[in-house]
Amino acid sequence: MIPIKSPLAPRADAADLLKDTDLTGQTAVVTGGASGLGIETVRALLGAGARVIMPVRDTARGEEVARELAQATGNSDVHVLHLDLSSLKSVRQAASEILALAPQIRMLINNAGVMATPQGQTADGFETQFGTNHLGHFQLTRLLMPALLAAAPARVVALSSSAHRLSDIHWDDPNFQTTPYDPWQAYGQSKTANALFAVELNRRYAEQGVTANAVHPGGIMTGLQKHMPEGEAQRRGWIDENGVPNPAFKTPAQGAGTSVWAATAPQLDGVGGLFLEDLQQSTPLDEANPNPLFGYKPHALNADSARRLWTLSEQMIEQTGQ
């Protein structure tokens with residue numbers, strides 16, 4: 001099978017992908033649209049005429065970004081509302097507000113996330129990264145499904161990461177209650193969960209017109225690294241001794257490219273359950289000669305694991321009463 005690719009270069013800016021695309025009349029929801037990749041994702045969608053809803057944790061910052069992007073793109077059809085993915089109560093409230101604004105949603109880009117946080121718990125008692133990155137988006141997507149189905153064909157984009165390689169799901173202890181906590185293992189688990197979520201969502205809803213793919217945006221320095229000490233970033237080769245990012249890394253506008261491609265590309269009409277990066281369908285990681293920035297491990301697309309995670313996630317949420 002020939003991998004699906006964009007005709008543009010792997011590092012094309014998100015806005016370049018849509019320069020000849022008209023999204024007028026289509027509604028997109030982008031979580032975490034007030035920082036990093038989210039800003040560039042929203043910028044590209046607004047520039048193509050889409051209506052964009054930005055559920056964000058910091059609404060003051062979100063409103064500031066929305067004003068700036070509306071002025072820059074000439075499209076003022078952007079709406080900000082509060083969403084804290086670490087609280088299922090907040091997720092439910094945000095979903096209700098989104099559905100009131102948009103009974104039809106063509107694109108849902110689950111972009112927000114946290115990385116390598118100190119050990120902690122969400123408001124509902126889940127490990128912070130699994131609860132925020134996966135369960136928050138899992139529940140938000142389920143609650144928004146009526147609007148996605150109403151807009152079909154519709155697409156869901158789940159932001160994963162090459163860090164999924166660090167960990168499969170800790171099936172017996174996803175909340176690190178007995179397992180010694182490692183922030184990168186926890187982050188890796190959450191990013192594997194994001195990919196598996198896309199696989200199972202696609203299996204369940206593709207025939208009804210809602211497809212889903214996972215996206216690795218690439219190596220990018222954004223606010224996501226706020227929990228990482230500078231020395232660790234240097235040891236990992238992400239920045240040099242002067243704080244300059246690794247030249248192999250992308251800009252936020254380039255990093256948002258694959259998200260926007262996944263949400264809009266004609267090549268992906270009716271196509272889901274894939275792991276996408278560098279504006280193309282990814283391939284299994286070559287364990288003998290691994291590329292640090294390209295390739296996925298098979299556990300991230302395992303169909304049996306995807307079904308199992310969906311069931312586990314439903315059970316975990318049901319136990320909270322939310």
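The model is predicted, so local features need pLDDT of at least 70 and side-chain atom pairs count only at pLDDT 80 or more, while totals for chains, interfaces and linings use all residues. Residues are numbered from 1 along each chain as its sequence is written, and side-chain values use heavy atoms, with hydrogens and water left out.

Helices (H or I, at least four residues) and strands (E, at least two) are DSSP runs, numbered from the N terminus. Eight strands form an open sheet with mixed pairing, in the order β3-β2-β1-β4-β5-β6-β7-β8. Two strands pair if DSSP finds at least two bridges between them. The edge strands, β3 (78–82) and β8 (280–281), each pair on one side only.

Strand β1 (residues 27–30) runs parallel to β4 and is joined to β4 by three bridges; Ala28 stands opposite Met107 in β4. β4 in turn pairs with β5 in the parallel sense, over four bridges, and Leu108 has Val156 in β5 as its bridge partner. The pairing of β5 and β6 is also parallel, over six bridges, with Val156 partnered by Ala212 in β6.

Which way do the residues of β4 point? Met107 and Ile109 point one way, Leu108 and Asn110 point the other way, and all are buried. Buried here means under 20% relative accessible area, exposed means over 50%, and partly exposed lies in between (1.4 Å probe, protein chains only). In β6, seven of the seven residues are buried, so the strand is largely enclosed by the rest of the structure. Val210, Ala212, Ala214 and His216 point one way from β6, and Thr211, Asn213 and Val215 point the other way.

Axes are lines fitted to C-alpha atoms, for helices over the stretch in contact, and angles run from 0 to 180 degrees between N-to-C directions. Helix α5 lies across β4 (107–110), β5 and β6, at about 175° to β4. Helix α8 (residues 252–264) lies across β4, β5, β6, β7 (275–277) and β8, at about 155° to β5.

Helix packing comes next. Two packed helices are described by the angle between their axes and the distance between the axes. The axes of α6 (residues 183–205) and α9 (residues 303–318) come within 8 Å and cross at roughly 90°. α6 and α9 are therefore roughly perpendicular to each other (angles under 35 degrees count as roughly parallel, over 145 as roughly antiparallel, 65 to 115 as roughly perpendicular and the rest as oblique). Contact means heavy atoms within 4.5 Å. The residues that make this contact include Leu196, Phe197 and Leu201 of α6 and Ala306, Leu309 and Trp310 of α9. By class, the contact has 10 nonpolar residues, one polar and four charged. Ala, Val, Leu, Ile, Met, Phe, Trp, Tyr, Cys and Pro count as nonpolar, Asp, Glu, Lys and Arg as charged, and the others, Gly among them, as polar.

Helix α9 also meets α5: their axes come within 11 Å and cross at roughly 90°. Among the residues that meet are Phe130, Leu135 and Phe138 in α5 and Leu309, Trp310 and Ile317 in α9. The contact of α5 with α9 has seven nonpolar, three polar and two charged residues.

A nonpolar core is a set of buried Ala, Val, Leu, Ile, Met, Phe, Trp, Tyr and Cys residues joined through side-chain atoms within 4.5 Å. The largest has 49 residues, and Ile98, Ile105, Leu148, Leu201 and Leu309 have the most contacts inside it. Two or more residues come from each of α4 (88–101), α5 (128–150), β5 (154–159), α6, β6 (210–216) and α9. Setting aside residues up to four places away in sequence, Leu201 touches Thr141, Met145, Val156, Ala206, Ala212 and Trp310.

By contrast, Gln281 in strand β8 is buried, with a relative accessible area of 13%. Beyond its neighbours within four places in sequence, Gln281 is in contact with residues including Met1, Ile4, Trp261 and Phe294.
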